[in-house]
Amino acid sequence: MAYDKFTILRSTAVPMPIENVDTDQIIPARFLKATERKGFGDNLFRDWRYEADGTPKKDFVLNNPIYSGKILVGGKNFGSGSSREHAAWAIYDYGFRCVVSSFFADIFKNNSLNIGILPVQISAGFLDKIFTAIEADPKTALEVNLEAQRITILSTGESESFEINGYKKHNLMNGYDDIDYLQSMKADIESFAAKSIY
């Protein structure tokens, strides 16, 4: 499989209430030399996480030990800018499996879905509720139920539905990328080919 199956994710979350986070901030261009999806997590938000000398910036959320989890909660218009796949790779390699926002750039959304990250787009009002819950208690957990297409704040029970393309949903739930999906249909394809008359 290309990546782990995504069914139900229950996790604490890392809040990043910054709007218009672009792909150059997610992974700066100088770190795009590799062609494999490995090691990019070390440079996720590199210029926001570290000083020029490599010292961690204490005021950046990923350097704050009170926040952790497999869910990144971002502000509106997350993943804007250039279409680099490496932005999604960096988020996945760091350990996030879900990004929540009130709006995603389309290319970033598709790049994420292609490698096993679920982008959950919710209303601005529900996003504010999530940020408020995490601010009140950094150990606040969220549940992301892909099959039901719902995200829930477990401490309050408040939830909201989200949309996802049916094909991408199927692939995420099975841990497939596009090639895995085709391979899963190999028997059907061979059967169809055998019945075809040329």
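Visitor: What makes strand 2 and strand 3 a pair?

Guide: Two strands pair if DSSP finds at least two bridges between them. Strand 2 and strand 3 (residues 98–101) have three bridges, in the parallel sense, so they pair. Strands here are DSSP runs of E, at least two residues, and helices are runs of H or I, at least four, numbered from the N terminus. The model is predicted: local features need pLDDT of at least 70, side-chain atom pairs 80 or more, while totals for chains, interfaces and linings use all residues. Residues are numbered from 1 along each chain as its sequence is written, and side-chain values use heavy atoms, without hydrogens and water.

Visitor: How do you know that strand 1 pairs with strand 2?

Guide: Four bridges join strand 1 (residues 8–16) to strand 2, and the two run parallel. P15 has V73 of strand 2 as its bridge partner.

Visitor: Why is the unit of strand 2, helix 3 and strand 3 called right-handed?

Guide: With the strands pointing away from the viewer, a right-handed crossover runs clockwise from the first strand over the helix to the second. Strand 2, helix 3 (residues 86–94) and strand 3 make such a β-α-β unit.

Visitor: What makes the largest nonpolar core a core?

Guide: A nonpolar core is a set of buried (under 20% relative accessible area, 1.4 Å probe, protein chains only) Ala, Val, Leu, Ile, Met, Phe, Trp, Tyr and Cys residues joined through side-chain atoms within 4.5 Å. The largest has 26 residues, with V73 and V100 among those with the most contacts inside it. Helix 5 gives the most to this core, six residues.

Methods
Buried means under 20% relative accessible area, exposed over 50%, partly exposed in between (1.4 Å probe, protein chains only).
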